Amino acid sequence: MTTAASTLIHPPSADELDAEERMSRAEIEHLQLTRLQQTVRHAYANVSLYTRKFDDAGVHPDDIRTLADVERLPFTTKDDLRETYPFGMFAVPMEDVARIHASSGTTGRPTVVGYTRGDLDRWGSLVARSLRASGIRRGMKVHNAYGYGLFTGGLGAHAGIEALGATVIPMSGGQTARQVQLIRDFEPDAILCTPSYLLTIADAMIAQGIDPRSTSLRVAVLGAEPWTNEMRQELELRLGVDALDIYGLSEVMGPGVGNECLETKDGPHLWEDHFLPEVIDAETRAALPDGELGELVFTSLTKEAFPVIRYRTRDLTRLLPGTARPGMRRMEKVTGRNDDMIILRGVNLFPTQIEELVLGIEQLTPHFILELSKEGRMDTMTVRIERHPDLSVETCTSAAKVLAQRIKVFVGSTVAVQLEEPGTLPRSEGKYKRVYDLR
């Protein structure tokens, strides 16, 4: 077993960077304006929702003459994406769509995104850029523990590893004992997963009598859930790795919208040659100056199949000057959101998704709450729901099992469902508190 780094992890040299990473701020902004104008024309001409929204707002693509003019454009929300389900946001014919992904959703309306072949190539190159910024190089072995499937994490990371010229180990998520075995046997240099799952892997190593610092791992690129610098410090101490934050979301592209740089570890640098970020006041929707905390908004600049204009991410952060990449702005690490979305082990879910499933099972009542807690290193959720007063305990218990199964299938998370006696849970006194965070 390898006990010392087989390859020194170090920041990329200037000649290893993409040409855009070496651009000045003025050069980046010039490129952004050109691409913004192209994207706005493309979206207006090919997506009926944007045609209507632009017309309703009294704005035309020809009105975009400066970067500041982006503030004249209407916002895009997740509700817009659900309204146009499944393919109404696509700006190219289906024959030009090479791949479809979808975010967490119920049997109702998940958000669906599409990619042309060119989109996939650009996505792979941006993930490769992100991994290189983390210190990963051609020839290294990378253990990919993000989930594969409709979730963008697994396949997005996979393509970036290959585009970089590294060797991908496509483990996907789960099977923690198997994860440990392959890390020991295959001796990867790097791992990609959620931060909470990396802690779970470390705990499993310790349970097997393995020192997590003794493995070949030297860098961890972590995302899909908010995590703090305190979490970074614990991961680095426990596993002897450099832990870096990769940022992304399906609606904007997937992983690789931005990434921390190994030499600074001061929040993800956003790849502004492909994305135009803003921060707004969530209440007034007014744009905020750099340095002020607010909701992060993105406009894509190079996407063909699924361009997004001023997409409201709900992530809370602030924009800061670039450091390791001076031409590209950074974002402060996201540690919260301004809505009620729950991120459970990398899967996004809403209380309304659970409610929709509950209401589809007539043997259950609509009186439920969600409790978030910790089980070891992993976040867990319990759905506490009152049994139907006119039905037997056995009948309601069977219905509770059905609910847990449907949540697993349609939302993508394994949760516990706990039956409560009728009338024992809180009732609404205005705004109902569904979520109780006990972590």
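Predicted model: local features only at pLDDT ≥ 70, side-chain atom pairs only at ≥ 80, totals over all residues.
Colleague: How many bridges join β11 to β12?

Modeller: Four, with β11 spanning residues 294-300. The two strands run antiparallel.

Colleague: Now the aromatic rings. How many aromatic pairs does a search of the whole structure find?

Modeller: A pair of aromatic rings is described by the distance of the centres and the angle of the planes. The search finds seven pairs here. One of them is F90 with F306. Their centres are 6.3 Å apart, with 85° between the planes. That makes the pair edge-to-face.

Colleague: Where do F90 and F306 lie in the chain?

Modeller: F90 lies in the loop between α3 (78-83) and β1 (99-102), and F306 in the loop between β11 and β12, so the pair ties together parts that are 216 residues apart in sequence.

Colleague: Are F90 and F306 buried or exposed?

Modeller: The cut-off for buried is under 20% relative accessible area. F90 has 7%, so F90 is buried. F306 has 0%, so F306 is buried too.

Colleague: Which residues do ring pairs link into a cluster?

Modeller: Y44, Y50 and F54.

Colleague: Which arginines lie over the face of W271 and of F368?

Modeller: R129 lies over W271, at 5.1 Å from the ring centre. R434 lies over the face of F368, at 3.8 Å from the ring centre.

Colleague: R129 is in helix α4. How do I read that helix?

Modeller: An α-helix has 3.6 residues a turn, so residues three or four places apart point the same way. Helix α4 covers residues 117-133, which is 17 residues. From first C-alpha to last, α4 reaches 24 Å, close to the 24 Å expected at 1.5 Å a residue.

Colleague: Is α4 mostly covered or mostly open?

Modeller: Mostly covered: twelve of the 17 residues are buried. Among them are L120, W123, V127 and R129. Just after α4 comes G135, with a positive phi of about 105°.

Colleague: Which residues of helix α8 are buried, and what follows the helix?

Modeller: In α8 (residues 229-239), the buried residues are M231, R232, L235, E236, R238 and L239. Their cover includes α7 (195-207), β6 (219-222) and β7 (242-249). G240 follows α8, and its phi is positive, near 65°.

Colleague: One last residue. Where is S413, and is S413 buried or exposed?

Modeller: S413 sits in the loop between α10 (393-411) and β19 (416-420). Its relative accessible area is 2%, so S413 is buried. Leaving aside neighbours within four places in sequence, S413 is in contact with L344, R345, V347, L349, I407 and K408.

Definitions and conventions: Residues numbered from 1 in each chain as written. Heavy atoms only, no water. Pairing = 2+ DSSP bridges. Phe/Tyr/Trp six-rings, centres within 6.5 Å; stacked < 30°, edge-to-face > 60°. Buried < 20%, exposed > 50% of the residue type's maximum accessible area, 1.4 Å probe, protein only. Lys NZ or Arg CZ within 6 Å of the ring centre and 35° of its normal. Expected span 1.5 Å × (residues − 1). Contact = heavy atoms within 4.5 Å.
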